[in-house]
Amino acid sequence: MAGSPALLLLLALGLCCPGIHGQKDDMKVRFRDRSITHPKLGQRLELECETTNTGSGVFWVRQNKDGTLHFIVFISSLSRATFKGKKPSTHFEARKDHNIYHLVVKSFTPADEGNYFCLMNANQELYFSRGQPAFFPVTTTAAPTALAPTTQSGITRKDPCLKTLDPENIKKKELSLFCDVFIWIPLAGACLLLLLALVVTTVLCQQTRRRRCRCKRPANGKPNVKPSMPSQHI
């Protein structure tokens, strides 16, 4: 079972057990020393699995970082420990104390890192606890600092690829942008007013022209012709 994938282990247990009940609320795994959050290298680490069912044995299983499950030991209800290969272990200790099943890692190593579970087969149903993570504390490394420019004979050599921003150029660009806005906005407004004035003038001229044309025509719509006076012959 050691080194087998988690899925294969659950399938194998499912073939042997008709019912699988997942995480059981009355099975709790934790460190015996409550003050421990991360184990240390070479530390003696003891875990305990507390359950309300004392008539069945408990399996201790470790899941490593890549998700692979490793069988550690089976502790019977009579406190008999059976390790892998049915041989005594020089790295682990296991025992039962009333309703608590203990697992001791004598000297914690990187190979022991992982999530620890306890499984129970009771009345042809499989129960397993929540995992207790046991990992070394994460060490953070400082970010590399930028190299200072090299000096030779008291002269500092600057990288030609690096471009520094000149404050004067920034101020000039900001002033130029402000001047452009200050000039173009009034100019655009003046052009718009001029265009409106031109449209209004054109409309008024067309209305005045139509009125003049109507005043020149008579009521019958014919042009006015004055009658010619007859010439008097002497």
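1. Let's start with the cysteines: C49 and C118 are joined in a disulfide, with 2.1 Å between their sulfur atoms. Bear in mind that this is a predicted model, so the distance is a computed one. The structure has one disulfide, and this pair forms it.

2. What does the C49–C118 pair tie together? C49 sits in strand β3, while C118 belongs to strand β9 (residues 114–122), so the link connects parts that lie 69 residues apart in sequence. For the bond itself, the S-S torsion of C49 and C118 comes out at about 60°, which makes the disulfide right-handed.

3. Are C49 and C118 buried or exposed? Both C49 and C118 are buried. Two other cysteines are worth a look: C191 is partly exposed at 46% relative accessible area, and C205 is also partly exposed, at 48% relative accessibility.

4. Back to strand β3, which covers residues 45–51 and also holds E46. The relative accessibility of E46 is 15%, so this glutamate counts as buried, the cut-off being under 20%.

5. Which side chains does the E46 side chain meet through polar contacts? One is R95, where the side chains are joined by a polar contact of 3.0 Å. Another is H102, whose side chain makes a polar contact of 3.1 Å with the side chain of E46.

Methods
Residues numbered from 1 in each chain as written. Predicted model: local features only at pLDDT ≥ 70, side-chain atom pairs only at ≥ 80, totals over all residues. Heavy atoms only, no water. Helix = DSSP H or I, 4+ residues; strand = E, 2+ residues; numbered from the N terminus. Buried < 20%, exposed > 50% of the residue type's maximum accessible area, 1.4 Å probe, protein only. Polar contact = N/O pair within 3.5 Å; in protein donor to acceptor, adjacent residues only side chain to side chain. Disulfide = S-S within 2.5 Å.
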